[in-house]
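Hello,

I am handing this structure over to you. Please look through it first; my notes on what was found follow below.

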Amino acid sequence: MAIQLGDTAPDFEAQTTEGNIRFHEWLGDGWGVLFSHPKDFTPVCTTELGEVARLKPEFAKRNTKVIALSVDSVDDHRKWSGDIEETQGHRPNYPLIADPDRRVAQLYGMIHPKADNTLTVRSVFVIGPDKKVKLTITYPASTGRNFEEILRVIDSLQLTAQHSVATPVNWRDGEDVIVVPSLSDEQARAKFPKGFKAVKPYLRITPQPNK
Ligand code: BEZ
């Protein structure tokens, strides 16, 4: 069965470009992003992995580690990293998992046989400090992801884990948020000293509480 939100992220041991890891131990107490790409030495993947290297400080600010996976070998990952640096200006500064026997890919349902029998699709798993899966996204091989969007979701996940709010469409860190429907108006008044605006009884807007 596919991995669902709230499941514990399966633990595994694997070879990476930064040595052998046990996944849960590598995650430690922070947040993590595990993402797969179809193949080394391919154009879209080259742009994606360079972009994630560029954004690494943004992930670090959010106490979030990133790790990539494909069914290629550590040797190929290392050779390809040179191309990524040359063409994208950023060398992967995070581990790339080698999964030639597809063990981790199968564990995480990253191979979708009707899309491709042997290669991983573009999966993203965001994992919380409790090792639970907080977000899953699947893109086809032909479409590169927007990793700024993954950062935006992490901002939302971290905010909503701490406060009784949800984030509206296209929300960005610092913008107004929504009071969760499970709070009564009286509870909301107590929790949000800056107050809230009830556009509808079920649509109550409040300034982001941690700003
Ligand atoms: C790419 O990364 O460009 C790619 C990989 C596999 C299939 C199609 C495109």
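**Salt bridges**

Asp72 is buried, at a relative accessible area of 4% (buried means under 20% relative accessible area, exposed over 50%, partly exposed in between, with a 1.4 Å probe and protein chains only). This is a predicted model, in which local features need pLDDT of at least 70 and side-chain atom pairs count only at pLDDT 80 or more, while totals for chains, interfaces and linings use all residues. Residues are numbered from 1 along each chain as its sequence is written, and side-chain values use heavy atoms, with hydrogens and water left out.

The structure holds 16 salt bridges (a side-chain nitrogen of Lys or Arg within 4 Å of a carboxyl oxygen of Asp or Glu). One of them joins Asp72 to Lys39, with the closest N and O atoms 2.5 Å apart. Lys39 lies in the loop between β3 (31-36) and α2 (43-61) and Asp72 in the loop between β4 (64-70) and α3 (74-88), so this pair ties together parts 33 residues apart in sequence (helices, H or I of at least four residues, and strands, E of at least two, are DSSP runs numbered from the N terminus). Lys39 is partly exposed, at 31%.

Arg62 and Asp155 form another salt bridge, 2.7 Å from N to O. Arg62 sits in the loop between α2 and β4, and Asp155 in helix α5 (residues 147-162), 93 residues apart. Both Arg62 and Asp155 are buried.

Lys211 pairs with Asp173 at 3.0 Å, N to O. Here Lys211 is exposed, with a relative accessible area of 56%, and Asp173 is partly exposed at 40%. Through shared partners, salt bridges join Glu58, Lys61, Arg62 and Asp155 into one network.

Regards
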